[in-house]
Amino acid sequence: MLKIAMIAGEASGDMLASSLIPALQKQSPEEIEFVGIGGRMMTEVGFQSWHNMETLSVMGYVEVIKSLPQLLKLRYQILDELLEYQPDVFIGVDAPDFTFFIENKLKQA
């Protein structure tokens, strides 16, 4: 089984990833498991969202600053979960400030 981890942090990323998931399933000769952080559209096509995507959907400086402790906690929590899960592939759909950190740590591992 191919294990693909994905993180989408907003509605547009949820929409993009919800199209990518079935396309990848169609191309793969083996079963694929999709996990990480995603929205309703992704879960409708078989994605297992471990955390609520709305946590990442913050806009503007004030909202980000107010949400920073929660965002940092989530970043380290999902990183620990992904390191334990050991995905074959990681796809950061959007939220680059969040996903680039995860991507770099997964590469190092």
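Biologist: Which elements do the buried residues of α4 pack against?

Modeller: They pack against β1 (2-7), β2 (32-38), α3 (61-85) and β4 (89-92). Helices (H or I, at least four residues) and strands (E, at least two) are DSSP runs, numbered from the N terminus. This is a predicted model with residues numbered from 1 along each chain as its sequence is written, and side-chain values use heavy atoms, with hydrogens and water left out. Local features need pLDDT of at least 70 and side-chain atom pairs pLDDT 80 or more, while totals for chains, interfaces and linings use all residues.

Biologist: How do you know that the span of α4 agrees with its number of residues?

Modeller: The expected span is 1.5 Å times one less than the number of residues. Helix α4 covers residues 96-108, which is 13 residues, so it should span 18 Å. The C-alpha atoms at its ends are 18 Å apart, and therefore the two values agree.

Biologist: Which residues of α4 are called buried?

Modeller: Phe-98, Thr-99, Phe-101, Ile-102 and Leu-106 are. Buried means under 20% relative accessible area, exposed over 50%, and partly exposed in between (1.4 Å probe, protein chains only).

Biologist: What makes these buried residues line one face of the helix?

Modeller: Look down the axis of α4: the buried residues fall within an arc of 155°, so they share one face. The arc is taken from the directions that run from the helix axis to the C-beta atoms. An α-helix has 3.6 residues a turn, so residues three or four places apart point the same way. On the other side of α4, Asp-97, Phe-100, Lys-107 and Gln-108 are exposed.

Biologist: Why is His-51 called buried?

Modeller: Its relative accessible area is 15%, and the limit is under 20%, so His-51 counts as buried. His-51 sits in strand β3 (residues 48-52).

Biologist: What is His-51 in contact with, leaving aside its neighbours within four places in sequence?

Modeller: Contact means heavy atoms within 4.5 Å. By that rule His-51 is in contact with Gly-36, Ile-37, Gly-38, Leu-74, Gln-77, Ile-78 and Glu-81.

Biologist: Why do Ala-5 and Ile-7 count as buried?

Modeller: Ala-5 has 0% relative accessibility, so it is buried. Ile-7 has a relative accessible area of 0%, so it is buried too. Ala-5 is in strand β1, and Ile-7 lies in strand β1 as well.

Biologist: What surrounds them, beyond neighbours within four places in sequence?

Modeller: Ala-5 is in contact with Val-35, Leu-82, Pro-87, Val-89, Phe-90 and Ile-91. Ile-7 has contacts that include Ile-37, Leu-56, Ile-78, Phe-98, Thr-99 and Ile-102. The C-alpha atoms of Ile-7 and Pro-96 are 9.8 Å apart, across 89 residues of chain.

Biologist: What makes phi of Gln-86 and Ala-95 worth a look?

Modeller: Most residues other than glycine have a negative phi, and most peptide bonds are trans. Gln-86 has a positive phi, near 55°. Ala-95 has a positive phi too, near 50°. Gln-86 is in the loop between α3 and β4, and Ala-95 is in the loop between β4 and α4.

Biologist: What makes a space a pocket?

Modeller: A pocket is an open set of points on a 1 Å grid over the protein atoms alone, with protein on both sides within 12 Å along at least five of seven lines. Lining residues have an atom within 4 Å of a point. Grid points are joined across faces, edges and corners, and volume is the space filled by probe spheres set on the points. The largest pocket has a volume of about 320 Å³. Of its 14 lining residues, the closest to the centre are Leu-56, Val-58, Leu-71, Asp-97 and Phe-98. Both α3 and α4 give two or more residues to this lining. The largest share, 5 residues, comes from α3.

Biologist: How many lining residues of the largest pocket are nonpolar?

Modeller: The lining has 10 nonpolar, 1 polar and 3 charged residues. Ala, Val, Leu, Ile, Met, Phe, Trp, Tyr, Cys and Pro count as nonpolar, Asp, Glu, Lys and Arg as charged, and the others, Gly among them, as polar.

How values were computed. 1 Å grid on protein atoms, 1.4 Å probe; cavity = no way out; pocket = protein on both sides within 12 Å on 5 of 7 lines; lining within 4 Å.
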